[in-house]
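Let's take a friendly walk through this structure, one piece at a time. Have the sequence and the 3D view ready as you read.

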Amino acid sequence: MVANALFAPRPLERDAPVFVAGHRGMVGSAICRHLAANGFGNILTRTHDELDLTDRAATFAFFRETRPAVVVVAAARVGGILANSTYPVDFISENLQIQVNVLDAAVEQRSERLLFLGSSCIYPKFADQPITEDSLLTGALEPTNDAYAIAKIAGIIQVQSVRRQYQLPWISAMPTNLYGPHDNFSENTSHVLPALIRRYDDATSSGQRVVTNWGSGAPRREFLHVDDMASACLHLLENYDGPSQVNVGTGVDHTIHEVARIVADAVDYTGETRWDTSKPDGTPRKLLDVSLLRESGWEARIPLQDGIAETVDWYRTHHASARV
């Protein structure tokens, strides 16, 4: 897999048209904020009502009209264990459609830089820890979200294929578990950290004395604030060119039990926490090896306690408009 011999990573032109697909989501909105703060003045965005990325003809028409030089693929159907295990068809079908349409349209326009965002669930359930990029496709996936993972793996392979066939310097990034402003706090479809924030905050405001969490609390997870993720995305676009997907994380993990305690402290919850071990734990541990990212010159800056406290404040301030 060879990179474009004429391309070398460099600062992006601040007036270049940059399309952020999925700009209203947690990751996409953070990327737009970070780009704007760093001087980008031609950020292209469309709401779902304005452009349905599962509509191939509409997606191609948009690319022909706007001709983005840089594309960030942050649009995806996402959810936690319950949503992934209940609606696997929705997750694989919709995500494959979005990816194929956007990437094919970007190929037609020869967009010079494209960053495809995946998920750490692409790696085998029992991969050696911490997980290196070369662990991809070396073992069975976690069955509760295998459909979503397969869609993301397909996106990685498509990016690598574009590099081989068209010599375009496109790249992929695999973030660890993300959290922060504009997260999904829905009781049924959220990921673990926003679900904990909502659960403990509700318990605090209602005077509930017992909170029951899914699973044993023993699985270990790594969490990255979405503003750090946005910073990493711009860094990679300007400093990395290679066929391998790049892990994006902190390099530090915590048990769900520890994270629950941090959340409880952040919302001033003083009641009891119980664990429902009849519910699935999911993958026992998922910590990314972020050596490749660090070697490129980037490290996370927001400590977990600070990030959770900030997210709790955001959730409480925006509760009426947050995804709950």
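## Helices α4 and α5

Helix α4 and helix α5 cross in a right-handed way. Keep in mind that this is a predicted model. α4 covers residues 88–109 and α5 covers residues 146–166, and their axes come within 8 Å of each other, crossing at roughly 15 degrees. Angles under 35 degrees count as roughly parallel, so α4 is roughly parallel to α5.

Who does the touching? On the α4 side, the contact includes Pro 88, Phe 91, Ile 92, Leu 96, Val 100, Leu 103 and Val 107. From α5, the residues taking part include Ala 147, Tyr 148, Ile 150, Ala 151, Val 159, Val 162 and Tyr 166. Sort the residues of this contact by type and you get 15 nonpolar, four polar and two charged.

## Helices α6 and α8

Now for another pair: α6 (residues 192–206) and α8 (residues 256–266) pack at an angle of about 40 degrees, and their axes are 9 Å apart. That angle makes α6 oblique to α8. The crossing here is right-handed.

Which residues meet where α6 and α8 pack? α6 brings Val 192, Leu 193, Leu 196, Ile 197 and Tyr 200, while α8 brings Ile 256, Val 259, Ala 260, Val 263 and Ala 264. By type, the residues of this contact are 10 nonpolar, with no polar and no charged ones.

Next up is α1, which runs over residues 26–37.

## A look at Thr 255

Finally, zoom in on Thr 255, which sits in strand β11 (residues 254–255). Is Thr 255 buried or exposed? Its relative accessible area is 14%, so Thr 255 is buried, since the cut-off for that is under 20%.

Setting aside neighbours within four places in sequence, Thr 255 is in contact with Gly 217, Ala 218, Pro 219 and Arg 220.

How values were computed:
Residues are numbered from 1 along each chain as its sequence is written. This is a predicted model: local features need pLDDT of at least 70, side-chain atom pairs count only at pLDDT 80 or more; totals for chains, interfaces and linings use all residues. Side-chain values use heavy atoms; hydrogens and water are left out. Helices (H or I, at least four residues) and strands (E, at least two) are DSSP runs, numbered from the N terminus. Buried means under 20% relative accessible area, exposed over 50%, partly exposed in between (1.4 Å probe, protein chains only). Contact means heavy atoms within 4.5 Å. The expected span of a helix is 1.5 Å times one less than its number of residues. Axes are lines fitted to C-alpha atoms, for helices over the stretch in contact, and angles run from 0 to 180 degrees between N-to-C directions. Angles under 35 degrees count as roughly parallel, over 145 as roughly antiparallel, 65 to 115 as roughly perpendicular and the rest as oblique. A crossing is left-handed if the near helix is turned anticlockwise from the far one by less than a right angle, and right-handed if clockwise. Ala, Val, Leu, Ile, Met, Phe, Trp, Tyr, Cys and Pro count as nonpolar, Asp, Glu, Lys and Arg as charged, and the others, Gly among them, as polar.
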